[in-house]
Amino acid sequence: MVRYPEAMGDPLDREIRLSLWKIHILHHAAHRPVYGLWMLEELAEHGHRLSPGTLYPILARMEANGWLRATGGTGSSKARKDYRATALGRRVLAQLRNEIAELHCEVVLGR
Ligand SMILES: [Zn+2]
């Protein structure tokens, strides 16, 4: 596993990794409901240590874009929200999957 340096506010995070995190979230949310803390731990497993203050706005934006649908989290602000990929989110993911595969061929495999 590649470990990336902890770098809050690193331009790489804003410019490029932000998109990679969204794809990662979409991937997991297409398989099962995910929630913020689980996603923070999952990203940390991959060496991406995001703060909740970074992750939650991403989840909210993805929900606003119609890629994720949240359930729960009503009543108490501390209640857990579960996020699942919507049909639109799954279509976006399917398209991105093709683009990632093509990019992987060139950038990683050098084909
Ligand atoms: Zn993952």
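A polar contact is here a pair of N or O atoms within 3.5 Å; within protein, one of the two must be able to donate a hydrogen and the other to accept it, and residues adjacent in sequence count only if both atoms are side-chain atoms. The model is a predicted one, in which local features need pLDDT of at least 70 and side-chain atom pairs count only at pLDDT 80 or more, while totals for chains, interfaces and linings use all residues. Residues are numbered from 1 along each chain as its sequence is written, and side-chain values use heavy atoms, with hydrogens and water left out.

Select histidine 31 to begin: a polar atom of its side chain lies 2.8 Å from the backbone oxygen of histidine 27. Histidine 31 sits in the loop between helix 1 and helix 2 (36-45), where helices (H or I, at least four residues) and strands (E, at least two) are DSSP runs numbered from the N terminus.

Next, select the zinc ion, whose protein donors are His24 (NE2), His28 (NE2) and Glu42 (OE), at 1.9 to 2.0 Å. Donors are N, O and S atoms within 2.8 Å of the metal (3.2 Å for Na, K and Ca), and because water is not among the atoms, sites may look incomplete. The spacing of the donor residues in sequence reads H-x3-H-x13-E. Histidine 24 and histidine 28 belong to helix 1 (residues 11-29), four residues and about one turn of the helix apart, and both are buried, that is, under 20% relative accessible area, with exposed meaning over 50% and partly exposed in between (1.4 Å probe, protein chains only).

Now show the largest nonpolar core, which has 21 residues, with Ile25, Leu50, Leu55, Ile58 and Leu68 making the most contacts inside it. Such a core is a set of buried Ala, Val, Leu, Ile, Met, Phe, Trp, Tyr and Cys residues joined through side-chain atoms within 4.5 Å. At least two residues of this core come from each of helix 1, helix 2, helix 3 (52-64), strand 1 (68-72) and strand 2 (81-85), and helix 1 gives the largest share, six residues.

Finally, select valine 108, in the segment after helix 4 (87-107); valine 108 is exposed, with a relative accessible area of 56%.
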